[in-house]
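Subject: A structure for you to look at

Hello,

Here is the structure I promised to pass on to you. Please open it next to this message, and then read on for what turned up in it.

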Amino acid sequence: MFFWHGYWSWSFIFQLLMLIHFFRRRPEGYWFFVILFLGPLGAAVYFVIEVIPDLRVKPPVIRRFERKRRRQWLEKLVVDSPSHEALTGLAEIHAIEGRHTEAIDLFGRALQLDPEDPESLYGRGCSYLETEQVANAIADLERVVQADPSYSIYGAYLSLAEAYEATDRVDKALRAYEAILGRTTVSRAYFNYGRLLAQRGEIERARQMMEEILAKKATLPRYLRRQERPWFRRAKAFLKETG
C-alpha cells in the first residue's frame, strides 16, 4: 500500500514538473494534453523528446560561471598584454552579459590595433544598436557589409537593416532585407521584412513571409525547430491577426 502511495505521489510530482517545463519552454501545444491526459506515461514521453535535449545544453548557471572565469582571465591579460585577440574576446563577453558600454570601449581599442577588423566592427555595431546609438551602428555595420555582405552568415546585413529601420529609413531597410532573403533562412529577417511590408499596406506579401517561416518547420532538424519556436509563434499570431 505504501509503495503504491509513494509511486503515485512521485508520478504526480513528475507530471507537474513536466507541465512546468512545458509552460517555460512553450513547445507544440499538443504536449499539454499528452502530459495532462496520458498521465505519467505522457509525461515520460515528453521528458524523452523535449527535456533530454535541453539537458545536453549547459545550464545557464554553468555558462555564466565559465564566462566569468574566462572574463577574469582576459581582464588580467588585457592589463598585461592588450592584444587584439584579448580585447575582442573580453568585449564579446561584456556584450553577451549586457555591458555594452564596456564592450564598445574594448572593441574600439581593438580597432585601434586593426582598423578593418570585421569582428570588432560588427561587435561594436551591435553594441551601438543595443545602446540606441544607431548612427554609430550604421557606420560600423556598413563598413562590414561593404567588405563582406555575407559576414556572420548575413548577420551583419540583418543588423544593418534593423538599424535603418530604427532610423525610419524604411526604403533602405526594405532593400537591405531583400538583399539577404533567400540567402539566409533566419526567421528574424523574414519576420521583420513582413512586418515592414504590412506597415506599407502590402498585407498579402507580408503574409507570404510569415507562411515561409512556418513552411520551414517541417524540414528543420528538431534542435533548430526548438530555436525557431518564438518566430513560429510570432508568425502564427501575425497570420491570425491579418486573416
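This is a predicted model: local features need pLDDT of at least 70, side-chain atom pairs count only at pLDDT 80 or more; totals for chains, interfaces and linings use all residues.

Before the residues themselves, one definition: buried means under 20% relative accessible area, exposed means over 50%, and partly exposed is in between, with a 1.4 Å probe and protein chains only. Glu178, with a relative accessible area of 41%, is therefore partly exposed.

Residues are numbered from 1 along each chain as its sequence is written, and side-chain values use heavy atoms, with hydrogens and water left out.

How confident is the predictor?
The score to look at is pLDDT, the predictor's confidence in each residue, from 0 to 100. Its mean over the chain is 87, and 92% of the residues reach 70 or more.

Glu178 and its surroundings
Back to Glu178, which is found in helix H9; helices here are DSSP runs (H or I, at least four residues), numbered from the N terminus. Leaving aside residues up to four places away in sequence, Glu178 touches Tyr193 and Arg205. From Glu178 to Ala198 the C-alpha to C-alpha distance is 15 Å, and the two are 20 residues apart in sequence.

Helix H8
Helix H8 covers residues 151-166. From its first C-alpha to its last, H8 reaches 21 Å with its 16 residues, close to the 22 Å expected at 1.5 Å a residue; the expected span is 1.5 Å times one less than the number of residues. Why is H8 largely enclosed by the rest of the structure? Twelve of its 16 residues are buried, so the rest of the structure encloses most of it. Among the buried residues of H8 are Tyr151, Gly155, Leu158 and Glu165. As for partners, the buried residues of H8 pack against H6, H7, helix H9 (170-180) and helix H10 (187-199).

Positive phi angles
Tyr154, also in H8, has a positive phi of about 65° although it is not a glycine. At 16% relative accessibility, Tyr154 counts as buried. Just after H8, Asp168 takes a positive phi too, of about 60°. Glu132 is another residue other than glycine with a positive phi, near 60°. Glu132 sits in the loop between helix H6 (118-130) and helix H7 (134-147), and is exposed, with a relative accessible area of 70%.

Salt bridges
Side chains of opposite charge can pair when their charged atoms come close. A salt bridge here is a side-chain nitrogen of Lys or Arg within 4 Å of a carboxyl oxygen of Asp or Glu. How many does a search of the whole structure find? It finds twelve salt bridges.

One of them pairs Glu116 with Arg143, with the closest N and O atoms 3.3 Å apart. Glu116 lies in the loop between helix H5 (100-113) and H6, and Arg143 in helix H7, so the pair ties together parts that are 27 residues apart in sequence. Glu116 is exposed at 58% relative accessible area, whereas Arg143 is partly exposed at 33%.

In another salt bridge, the side chains of Arg124 and Asp140 meet at 2.7 Å, N to O. This pair links distant parts of the chain, with Arg124 in helix H6 and Asp140 in helix H7, 16 residues apart. Are these two residues buried or exposed? Both Arg124 and Asp140 are buried.

Arg200 and Glu202 also form a salt bridge, their closest N and O atoms being 3.7 Å apart. Arg200 is partly exposed, at 44% relative accessible area, and Glu202 is partly exposed as well, at 26%. Elsewhere, salt bridges that share partners join Arg67, Arg71, Glu75, Glu97 and Arg99 into one network.

I hope this helps you find your way around.

Best wishes

Terms used
Helices (H or I, at least four residues) and strands (E, at least two) are DSSP runs, numbered from the N terminus. Contact means heavy atoms within 4.5 Å.
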